[in-house]
Amino acid sequence: MKQSKIIGLGFYVPENIVTNHDLSQKMNTTNEWIVERTGINQRHYYSPENNDTNYGFGVKASEIALKRANLEAKDIDLIVYATLSPDYYFPGSGVLLQRSMDFRNIAAIDVRAQCSGFMYGLSIADQFIKTGMYKNVLVVGSEIHSSGLDYSDEGRHVAVIFGDGAGAAVLTATDEKNKGILSSHLHSEGKYAEDLAILYPNSHAKDKFDPNEQKAGGKFYPIMNGSYVFKHAVTRMPEAIEEALNANNLKAEEVALYVPHQANDRITQTVQKRFNIPDEKIVRNIHNYGNTTAASIPIALTEAWEAGRIKENDLVCLFAFGSGFTWASAMIRW
Ligand code: UT7
């Protein structure tokens, strides 16, 4: 059986930086509250006047990842595209990426696993490569949150945490043993689906696109039971790490770098303490980008790689938790 390894990484965030101070001018919040509760200083927002799109961000991140992989779009055999903020209700953003670059008429799979989306995508890519069906797979996580946040008092706990951006990884098949993705672990618990969700538009509504119905309930904005999500995140993320360590017979200290989904810096720090992970072995960049959902792990991984924090043969553990609830981990030998 083949193994799959990451050979190219890239990310893109739009130019428009929105600081906590900027947010405090348009809504009832403060820099102090945001920093203390989340660790976030700023996030990047899309600009409609620049014609920014979710798939456009995906293109920019993919171009960098492909260049670093020394591949062209036509070499890719499969696109896996993770997002919770797709360009359209349908079709998925994967096909919009497919048409925007020089890809062949390859399959484009859209993944709906929210903050765990990139991890699900990585695992899907890995399975197709392991079986020998595909050689080169592009996995993208991309989000535009800022166009659909509730900046009123009711939604402010959600609005302050999210940011826009995209990340991409190119995976390829290798015959090297004990290299690349060693294992991936995916979970869901749908009984909490409505604790972090956007409920509109939905196909079971009487009139799914009735703006009055949406506005009346505020249901087209994300809703989040914040403290509940927090509690589950700090339980499920460590479980996912344990699972990845156990599957590979590893101790926590053998991992060279932990790359968490950047949900909230307090969540990351709680997990960090639990495993006694020193600062230099964990990626924390939420202060610059906010929570970018499916994009957060590929952005964090790319930044770490660019900074020289990942060396050949290093063990890298990725983990995520988010809406669904979904959670996931992967152990990689670089
Ligand atoms: O990506 C994965 C999914 N998401 C997450 O992992 C996020 C998990 N949850 C969290 O990170 C935290 O729950 C939040 C950062 C979202 C919120 O922090 P919290 O400590 O749970 O705050 P809270 O929502 O319980 O609100 C505490 C207080 C409330 O005031 P009172 O009732 O104590 O007077 C809120 O009204 O803070 C108030 N508040 C704010 N104040 C200023 C809520 N949001 C804000 C705000 N600015 N933006």
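The part I have in mind is the loop between β4 (78–82) and α4 (93–100), where P91 lies. Which peptide bond there is cis, and what is its omega?

Analyst: In this predicted model, P91 sits in the loop that runs between β4 (78–82) and α4 (93–100), and the bond in question is the one joining F90 to P91, which is cis with an omega of about -5°. Most peptide bonds are trans, and most residues other than glycine have a negative phi, so departures of both kinds deserve a look. A cis bond also leads from Y200 to P201, with omega near -5°, and P201 belongs to the loop between β9 (196–197) and α7 (211–217).

As for phi, N178, although not a glycine, has a positive value of about 55°; this residue is found in the loop between β7 (165–174) and β8 (180–188), and because its relative accessible area is 47%, N178 is partly exposed. N276 is likewise not a glycine and has a positive phi of about 55°, in the loop between α9 (265–274) and α10 (286–289), where N276 counts as exposed because its relative accessibility is 68%.

The loop between β8 (180–188) and β9 (196–197) holds E189, whose side chain makes a polar contact of 3.0 Å with the side chain of R236. Apart from neighbours within four places in sequence, E189 is in contact with R236, G324, F325 and W327.

Terms used
Residues are numbered from 1 along each chain as its sequence is written. This is a predicted model: local features need pLDDT of at least 70, side-chain atom pairs count only at pLDDT 80 or more; totals for chains, interfaces and linings use all residues. Side-chain values use heavy atoms; hydrogens and water are left out. Helices (H or I, at least four residues) and strands (E, at least two) are DSSP runs, numbered from the N terminus. A polar contact is a pair of N or O atoms within 3.5 Å; within protein, one must be able to donate a hydrogen and the other to accept it, and residues adjacent in sequence count only if both atoms are side-chain atoms. Contact means heavy atoms within 4.5 Å. Buried means under 20% relative accessible area, exposed over 50%, partly exposed in between (1.4 Å probe, protein chains only).
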